[in-house]
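This report goes through a single protein chain, from model confidence to cores, helices and backbone details. Please keep the sequence and coordinates open while reading.

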Amino acid sequence: MFSRFVQPKLIATQAKNLSTTSQNNAKVMVAGASGGIGQPLSLLLKQSPLVDHLSLYDIVHTPGVAADLSHIESKAHVQAFNGADQLKVLKILLFLQGLNPTDVNVPVIGGHAGITIIPLISQATPSVSFPDDQLKALTGRIQEAGTEVVKAKAGAGSATLSMAYAGARFAFSLIQGLKGESNVIECAYVKSDVTEASYFSTPVHLGKNGIEKNLGLGKLSDFEKELVKAAVPELKKNIAKGEEFVAKS
């Protein structure tokens, strides 16, 4: 039986950079990018520092795959070719500011859904700044990024690739900390007294004992303080539901 997706094929080319340097840009095309092999293949290519431009082709669902992969902070620009370009606003704005996504770190605190997701753009490294209207729109897009992927995949899946990448990244960081590497910091949703919510995601220092130190909220902008204020009641309700479920199990 034939798959309704194209069987994956890989085509790689090199094009001269538009600058005066002799550096080559690697452009990779995946045909059949929406299938069971094409999706993980595209994920692996997106992570590679050797790839500058990744074009995804298939009969259906490539916008969703591209939207999912665009959450990964590597330099490869992703385009889908059975629908619209799914490059996220965050990457566009960072590009406009002349930043490489691989060099940018933005702590994300709070929780994992809607308004509980709080990107601390004021603490981004390197430092960035946006007008208030762009900052509000950007924050909203980040909070609803997972929902955007579900919509882009037209009900055929969720943000599985980028979440798998995030899980692997955290596991690698945890292992590095357990092995004694210094200054390993990741955001983690853990039991906490940082806010009124008993569980809250903040940057943590990972080491030989697991979490060595909760680094807390840091200095928040007024806008971010309001985001935390709105998130805590929602988080407390979510936590109460989780604890109730465990108690009944």
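The sections below describe a predicted model.

## Confidence

The protein chain has a mean pLDDT of 82, and 84% of its residues reach 70 or more. By element, confidence is highest in strand β8 (residues 199-207), at a mean of 95, and lowest in helix α3 (residues 89-96), at 50.

Two stretches call for separate mention. Residues 1-5 stay under 50 in pLDDT, and the model has 8 contacts for them beyond four places in sequence. The pLDDT is also below 50 over residues 83-90, a stretch with 18 contacts in the model beyond near neighbours in sequence.

## Nonpolar cores

The largest nonpolar core has 17 residues, of which V30, L43, L45, V51, L54, L56 and L69 touch the most other members. Two or more residues each come from β2 (24-31), α1 (38-47), β3 (53-57), α2 (62-69), β4 (77-80) and α6 (160-178). The element that gives the most to this core is α2, with 3 residues. Another core, of 13 residues, lies apart from it and includes I118, F200, L227 and V228.

Which residues does V51 contact, leaving aside neighbours within four places in sequence? They are A26, V28, L45, K75 and A76.

T62 lies in helix α2 and is buried, with a relative accessible area of 0%. Beyond four places in sequence, T62 touches A33, S34, L56, Y57, A80, F81 and N82.

H61 is found in the loop between β3 and α2. Its phi is near 70°, a positive value in a residue other than glycine. Is H61 buried or exposed? At a relative accessible area of 18%, H61 is buried, given that the cut-off for buried is under 20%.

## Helix α4

Helix α4 (residues 132-143) has 12 residues, which should span 16 Å at 1.5 Å a residue; the end C-alpha atoms are 17 Å apart, in agreement with that. The buried residues of α4 are L135, L138, T139, I142 and Q143. Viewed down the axis of α4, the buried residues fall within an arc of 135°, so they line one face of the helix. D133 and K136 are exposed residues on the face of α4 turned away from the buried side.

The loop between β6 and α4 holds P126. The peptide bond from T125 to P126 is cis, with omega near -5°.

## Helix α6 and the residues after it

With 19 residues, α6 reaches 27 Å from its first C-alpha to its last, close to the 27 Å expected at 1.5 Å a residue. L161, S162, Y165, S173 and G177 are buried in α6. These residues cover an arc of only 145° around the axis, which puts them on the same side of α6. Their cover includes α1, α2, β7 and β8.

G180 follows α6 and has a positive phi, near 95°. In the loop between α6 and β7, N183 has a positive phi of about 55° although it is not a glycine. N183 counts as exposed, at 60% relative accessibility.

## Helix α7

Helix α7 (residues 222-248) has 27 residues and reaches 40 Å from first C-alpha to last, close to the 39 Å expected at 1.5 Å a residue. Where does α7 bend? The bend is at A231, by about 30°, and a proline, P233, follows within four residues.

Buried residues of α7 are E224, L227, V228, A231, V232, L235 and I239. A231 is therefore a residue under 20% relative accessible area, as well as the site of the bend. Among the elements that cover the buried residues of α7 are β5 (108-110), β6 (117-119), α4, β7 (184-191) and β8.

How values were computed. Residues numbered from 1 in each chain as written. Predicted model: local features only at pLDDT ≥ 70, side-chain atom pairs only at ≥ 80, totals over all residues. Heavy atoms only, no water. Core = buried A, V, L, I, M, F, W, Y, C linked by side-chain atoms within 4.5 Å. Buried < 20%, exposed > 50% of the residue type's maximum accessible area, 1.4 Å probe, protein only. Contact = heavy atoms within 4.5 Å. pLDDT = per-residue confidence, 0-100. Expected span 1.5 Å × (residues − 1). Arc of directions from axis to C-beta. Bend = angle between axes of the 7 residues up to and from the residue.
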